[in-house]
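These are my notebook entries on one structure, written down in the order in which I looked things up.

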Amino acid sequence: MNKIINQKINNINFQLAESADLSFLSSLGEVFAVFDQNDSGNISFGVKNKLNKKFFIKIAGLQTCNMKVDKTNAIQILNESVEKYHQLADPQLISLIDAFYQNELFITIFEWFDGECLFDHWNFDFYAKNPEIISPNEKFRQLSVEQKVIFSNKILSFLEKVDNKNYAAIDFYDSSIIYNFKTNDFKVCDIDLFQKMSTYNKVGKDFWGSQRMKSPEEYLLNEPIDSRINVFKAGALFMNLFGRFTNEQYVKIYDYNELVPVHFENFSLPYELYLLLLKSVHKNPQYRYQTISEFKRAWIKEQKLLTNISNK
């Protein structure tokens with residue numbers, strides 16, 4: 001178990017596995033938030049400058065408490081992500097402003113987006129102890145069907161760009177999304193591990209990603225990493241956000257490394273859309289939609305048919 005070092009900036013507490021001097025952050029503004037529970041090897045801060053403009057600062061090269069890679073790899077991953085944020089720039093993706101080295105650290109600066117993470121796992125114990133407080137994930141479940149469909153269409157448009165730019169959405173899941181419940185807008189906040197296609201799974205079952213979202217190919221050594229994984233990611237994301245897995249299904253997902261589709265009775269969108277998701281997360285990639293564009297066309301077409309039916 002990593003050693004835990006408690007540190008503080010502007011009365012904001014955070015933890016590292018190795019003490020570090022982060023006084024340079026004062027040159028960027030006042031720290032008002034911290035995100036130190038990631039396994040990527042990064043630590044992130046919310047910083048506000050003298051003009052009250054907010055920024056999201058991501059730092060690689062520190063010894064964080066939960067990191068699954070070493071500091072050198074963390075720096076490499078964040079450095080290589082810069083080109084991805086440029087190539088995949090989109091209204092639904094946080095905007096990269098700057099990137100630079102600060103001594104042995106690598107820093108990226110993004111525009112701040114007010115919202116809540118749709119899978120803030122670092123707060124789960126807090127919600128369990130305070131059941132009167134509704135988590136962002138639960139708030140999202142309470143949105144109207146119309147708002148969920150609008151969200152789904154925007155996600156598919158973003159992933160269509162990812163697909164068309166020849167990227168695989170590796171490690172994309174609900175924790176990658178910040179949702180503003182006042183405006184019903186959102187941003188994807190993490191594409192650091194997206195990979196150029198076509199490539200192969202070179203590590204086997206430990207390939208990056210949440211077990212709730214990983215396709216079969218992402219568990220198998222030398223399987224192709226291609227557009228059909230993006231289709232699976234979209235379908236798995238929608239099942240997680242628009243449906244509710246049973247405890248028995250979670251056990252199967254985590255014990256057998258296999259997505260188990262939610263039951264329709266636990267799904268909040270129409271049955272016709274549910275059937276499309278079943279195809280998108282088929283175990284055999286040959287039986288899925290082959291591209292996000294194909295999936296998106298079917299998804300939009302079904303919505304129009306449902307609208308026509310409801311208007312009759």
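I began with serine 198, which I found in the loop between E12 and strand E13 (199-200); helices (H or I, at least four residues) and strands (E, at least two) are DSSP runs, numbered from the N terminus. The peptide bond that leads from methionine 197 to serine 198 is cis, and its omega is near -15°. I noted beside this that most residues other than glycine have a negative phi, and most peptide bonds are trans.

Before going on I wrote down the terms of reading: this is a predicted model, in which local features need pLDDT of at least 70 and side-chain atom pairs count only at pLDDT 80 or more, while totals for chains, interfaces and linings use all residues. Residues are numbered from 1 along each chain as its sequence is written, and side-chain values use heavy atoms, with hydrogens and water left out.

Next I looked up backbone angles. Asparagine 52 is not a glycine, yet it has a positive phi of about 65°, and its place is the loop between strand E4 (42-48) and E5. Asparagine 52 counts as exposed because its relative accessibility is 55%, where exposed means over 50% relative accessible area, buried under 20%, and partly exposed in between (1.4 Å probe, protein chains only). Asparagine 222, also not a glycine, has a positive phi of about 70°. I located asparagine 222 in the loop between E13 and strand E14 (224-225), and with a relative accessible area of 51% it is exposed.

Methionine 213 lies in the loop between E13 and E14 as well, but I recorded it as buried because its relative accessibility is 0%. Leaving aside neighbours within four places in sequence, I listed the residues in contact with methionine 213 as Phe172, Tyr173, Asp174, Glu218, Phe232, Lys233, Ala236, Leu237 and Asn240, contact meaning heavy atoms within 4.5 Å. I also checked methionine 213 against serine 81: the two are 132 residues apart along the chain, and their C-alpha atoms are separated by 21 Å.

Serine 81 came up again when I turned to aspartate 192, whose contacts, apart from neighbours within four places in sequence, are Asn42, Lys58, Ile77, Leu78, Ser81, Lys84 and Tyr85.

Which residue forms a salt bridge with aspartate 192? The partner is lysine 58, with the closest N and O atoms 3.0 Å apart; a salt bridge is a side-chain nitrogen of Lys or Arg within 4 Å of a carboxyl oxygen of Asp or Glu. This pair links distant parts of the chain, since lysine 58 is in strand E5 (residues 54-60) and aspartate 192 in the loop between E11 and E12, 134 residues apart. Both aspartate 192 and lysine 58 are buried.

I then searched the whole structure for salt bridges and found 13. One of them joins lysine 71 and glutamate 18, whose closest N and O atoms are 3.2 Å apart. Aspartate 226 forms a salt bridge with arginine 228, the closest N and O atoms being 3.0 Å apart, and I noted both aspartate 226 and arginine 228 as buried.

For the surface, I wrote down a nonpolar patch formed by Phe264, Tyr271, Leu275 and Leu278, with about 320 Å² of accessible area together. Such patches are made of residues with over 30% relative accessible area and no salt bridge, with like charges joined within 9 Å and nonpolar side chains (Val, Leu, Ile, Met, Phe, Trp, Tyr) within 5 Å; accessible areas come from the Shrake-Rupley method with a 1.4 Å probe, and for residues only the protein chains shown count as cover. Phenylalanine 264 is placed in the loop between helix H6 (247-256) and helix H7 (271-280), and at 31% relative accessibility it counts as partly exposed.

My last entry concerns the domains: the protein chain is divided into domain 1 (5-111) and domain 2 (116-311), with bounds that come from an automatic or database domain assignment. The contact between them takes 20 residues from domain 1 and 20 residues from domain 2, and the C-alpha centres of the two domains lie 26 Å apart.
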